[in-house]
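Q: I am new to this structure and would like a close look at one part of it. Could you walk me through the salt bridges, please?

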Amino acid sequence: MDIAELKAELETLHSASFGWALNCCGRDRAEAEEVLQTVYLKILEGKACFRGEASLKTWLFAVIRKTAIGEHRKNILRRLRWSDESEQDTLVSPLEQPGAAFEKSEVQALFQNALKTLPRRQREALHLVFYQDLSLSEAAVVMGVSIGSARQHYERGKKRVREFLGQTESAYGIGWRGKENPGAV
């Protein structure tokens, strides 16, 4: 794939890539933008090469995930260094920053809260399948796990979200327990 074709493909995948970067960065918009820029530089400088072993989207999402993890580690080390030098500094979660909260309907907020209760791998599996329209095998490649492991994280995540929403349905008067179509999957 030549550079012009690669750039065109990256442009078509940009919004989905930013959504995945945002998820990988704990909804911190600035960090997601930085990660995505770093990923694009890695690709254009040849540090990350697409070999065609998976779809471009799957490969790109794996590069974004690995870059986000690396950046997160660097940020933690920087914060620890700064906190050692001045005892008064405190770590602030990106979720606590003013202006970071988006207006959402009650149902969206409830669903987002349910997702937040999940372990990281389950949350990643659900995000990749539901929001990024990847198959379980593509999600497994992005997450760097086997298809069986990805399927297990996905199923356990769905079950925990249902349980969470089931606990809150009486408080909201919403029926979350619909019949799942067994032939859909």
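This is a predicted model: local features need pLDDT of at least 70, side-chain atom pairs count only at pLDDT 80 or more; totals for chains, interfaces and linings use all residues.

A: Happy to! A salt bridge here is a side-chain nitrogen of Lys or Arg within 4 Å of a carboxyl oxygen of Asp or Glu.

The whole structure holds seven salt bridges. One of them joins the side chains of E33 and R29, with 3.9 Å from N to O. Both residues belong to helix 3 (residues 29-44), and because they are four residues apart there, about one helical turn separates them. E33 is partly exposed, its relative accessible area being 40%, and R29 is partly exposed as well, at 43%.

Now move along to helix 6 (residues 120-131), where E124 and R120 are four residues apart and so about one helical turn separates them. These two form a salt bridge, and their closest N and O atoms lie 3.3 Å apart. E124 is buried, with a relative accessible area of 7%, whereas R120 is partly exposed, with 42%. There is one further partner to look for: R65 is linked with R120 and E124 in a network of salt bridges.

Terms used
Residues are numbered from 1 along each chain as its sequence is written. Side-chain values use heavy atoms; hydrogens and water are left out. Helices (H or I, at least four residues) and strands (E, at least two) are DSSP runs, numbered from the N terminus. Buried means under 20% relative accessible area, exposed over 50%, partly exposed in between (1.4 Å probe, protein chains only).
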